[in-house]
Structures are given as structure tokens and as C-alpha cells.
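Grab a pencil and open the structure viewer. Here are a few exercises on strands and how they pair, each with a worked solution.

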Amino acid sequence: PAGFNKVKSISAGTSHIIAINESGEVKLWGYAMENQKDIPSGIGKVVDVSSGFDHSLALTEGRKVIAW
């Protein structure tokens, strides 16, 4: 996405993409039938991201994995 720079990690699902930049900002884009692009509120600071067929994952600073 425009203005989203210094990408640290990026992962592609079937029809969506999730990325995190060096500042810890998470962005999702693409087509998401299963709400993969709706980042859960209150997940804390994210340090890594991943995605799969119809899901997204975030690893928090506290080493907790959040899946949606």
C-alpha cells in the first residue's frame, strides 16, 4: 500500500497479503472472504506476521500467536 515503507516481513494467503514494517505497523490487503483483513483489536505490539489459505497470524512482542 502507498506510504507503507521498510517492510520487515510479508506473507501471502490465497487471496490476501499481510505485512509488517520496521515500526510494527501491520497492513493487510487483497480479497478476503473469511475476514482475514480484520486485525483483532488490542493484540499489542506485533513483531512478525504470516498467512495461509484463509487465515492470518501475528506474533506479539510477548511471544503470543494470534490467529484470525
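**Exercise 1.** Which sense of pairing do strand S2 and strand S3 show, and over how many bridges?

*Solution.* Start with the strands: S2 covers residues 16-21 and S3 covers residues 26-30. Strands here are DSSP runs (E, at least two residues) numbered from the N terminus, with helices being H or I runs of at least four. Two strands pair if DSSP finds at least two bridges between them. S2 and S3 have five, in the antiparallel sense. For instance, Ile-18 has Leu-28 in S3 as its bridge partner. Now check the turn: four residues sit between the strands of this hairpin, and Gly-24 takes a positive phi near 90°.

Before moving on, note that this is a predicted model, where local features need pLDDT of at least 70, side-chain atom pairs count only at pLDDT 80 or more, and totals for chains, interfaces and linings use all residues. Residues are numbered from 1 along each chain as its sequence is written, and side-chain values use heavy atoms, leaving out hydrogens and water.

**Exercise 2.** What is the strand order in the open sheet of three strands?

*Solution.* The order is S4-S5-S6, with antiparallel pairing. S4 (46-51) and S6 (65-67) are the edge strands, each pairing on one side only. Next, count bridges: five join S4 to S5 (residues 56-60).
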